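Please read the following account with the sequence and the model side by side.

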Amino acid sequence: MAAVFTLAGCSNGQESANDAASTDAATTAVATDNVLRIGTEGAYAPFNYTNADGTLGGFDVDMANAICADMQVTCEITAQDWDGIIPGLKAGKYDAIVAAMSVTPERAQQVSFTDPYFSNSLIFLAKKDSPFDPSNSGDINAHSIAAQRSTVSSQWLEGAYPKANMKLYDTLSNAFLDLGSGRVDAMISDKLPAIEWLSSPSGSDYVLKGDEIDINDNFAIAVRPGDALQAKINQSLANLKANGTYDKINQKYFAVPVASTTVVTTDPVKEAATQ
């Protein structure tokens, strides 16, 4: 479950870069108002989620607050639907995205990424008694598989198994809901949200299937291209790693029980590579 600062990572976005005026306005807002506006999804536990009282929590939220404290600015954290999160940044709704966002070439054409702050792997999960075996491409093509739309999980599955019967969902929670209801046979997800769901009552009859899928996927914070915030946040990330704050936040969310991480069968990546 190692979280890293030295790798490069993942996630989505559609439009071209903001103009210089937008970038200057965002930088000025931080300097004059002493406020850093953060966008997150609020629906991707344990990284970000919405509590019953409407407040936001999770690894990303704690990281954002720690960065703001290090920068000596006030955090304003806003929830935004995933499909609109990069357009919202570019429109000036917030100054940075802290939302378990993977670094991809497509996204890097539209935003600037900080140094990565977490490494991610993918995993399949299904019912304990399911014969679903992700090391067998025939099994993947024969079963309905849930994934969140516009994520590395869905993109990897579509690329590795183009014949798969993939069911796409706007949020991860809706994908888990259909898996738990038996409306799909299996699911592909980032590993840690999958483990979080397995520890809930809804996931008690489910397990991880197969080995982790390492796709060199790493999470970073997105800002508008050319924004001076990129260097400032990188410095704060380095400070949080050096003073132990990062390790404390990481331990709070990712010290998962070994029993939750039981895996079955073999490696789906090798099978995908031979198709």
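How many helices and strands make up the secondary structure of the chain? In this predicted model, the chain comes to eleven helices and 13 strands. Of its 275 residues, 52% count as buried, and the accessible surface comes to about 11,700 Å², with 49% of that area belonging to carbon and sulfur atoms. Among the contacts in the chain with a separation of 6 or more, 75% are accounted for by residues 24 or more positions apart.

In soluble globular proteins, nonpolar side chains tend to be buried together. Here the largest nonpolar core holds 46 residues, of which Phe47, Phe59, Tyr117, Phe118, Leu125, Met187 and Ile233 touch the most other members. The elements that give two or more residues to this core are strands S1 (35-40), S8 (118-127) and S12 (206-219), together with helices H2 (59-71), H7 (172-180), H8 (191-198), H9 (229-242) and H10 (245-254). The most is given by H2, which supplies seven residues. Apart from this core lies another, of 16 residues, which includes Leu122, Phe132, Ile145 and Ile188.

The packing of H2 with H9 can be followed in the same way. Two packed helices are described by the angle between their axes and the distance between the axes. For H2 and H9, the axes come within 9 Å and cross at roughly 100°, and the two helices are therefore roughly perpendicular to each other. On the side of H2 the contact is made by Met63, Ala66, Ile67, Asp70 and Met71, and on the side of H9 by Leu229, Lys232, Ile233, Ser236, Leu237, Asn239 and Leu240. These residues divide into eight nonpolar, two polar and two charged.

Gln80 is found in the loop between strand S5 (74-79) and helix H3 (85-90), and it counts as buried because its relative accessibility of 13% falls under the 20% cut-off. Leaving aside neighbours within four places in sequence, Gln80 is in contact with Thr40, Glu41, Ile85, Lys93 and Tyr94.

Backbone geometry marks out three further positions. The peptide bond from Ala45 to Pro46 is cis, with omega near 5°, and Pro46 lies in the loop between S2 and strand S3 (48-50). Gln72, in the loop between H2 and S5, has a phi near 60°, a positive value in a residue other than glycine; with a relative accessible area of 66%, Gln72 is exposed. Ser150 likewise has a phi near 60°, positive although the residue is not glycine, and its place is in the loop between strand S9 (144-148) and helix H6 (152-160). With a relative accessible area of 22%, Ser150 is partly exposed.

Conventions. Residues are numbered from 1 along each chain as its sequence is written. This is a predicted model: local features need pLDDT of at least 70, side-chain atom pairs count only at pLDDT 80 or more; totals for chains, interfaces and linings use all residues. Side-chain values use heavy atoms; hydrogens and water are left out. A nonpolar core is a set of buried Ala, Val, Leu, Ile, Met, Phe, Trp, Tyr and Cys residues joined through side-chain atoms within 4.5 Å. Buried means under 20% relative accessible area, exposed over 50%, partly exposed in between (1.4 Å probe, protein chains only). Helices (H or I, at least four residues) and strands (E, at least two) are DSSP runs, numbered from the N terminus. Contact means heavy atoms within 4.5 Å. Accessible areas come from the Shrake-Rupley method with a 1.4 Å probe; for residues, only the protein chains shown count as cover. Axes are lines fitted to C-alpha atoms, for helices over the stretch in contact, and angles run from 0 to 180 degrees between N-to-C directions. Angles under 35 degrees count as roughly parallel, over 145 as roughly antiparallel, 65 to 115 as roughly perpendicular and the rest as oblique. Ala, Val, Leu, Ile, Met, Phe, Trp, Tyr, Cys and Pro count as nonpolar, Asp, Glu, Lys and Arg as charged, and the others, Gly among them, as polar.
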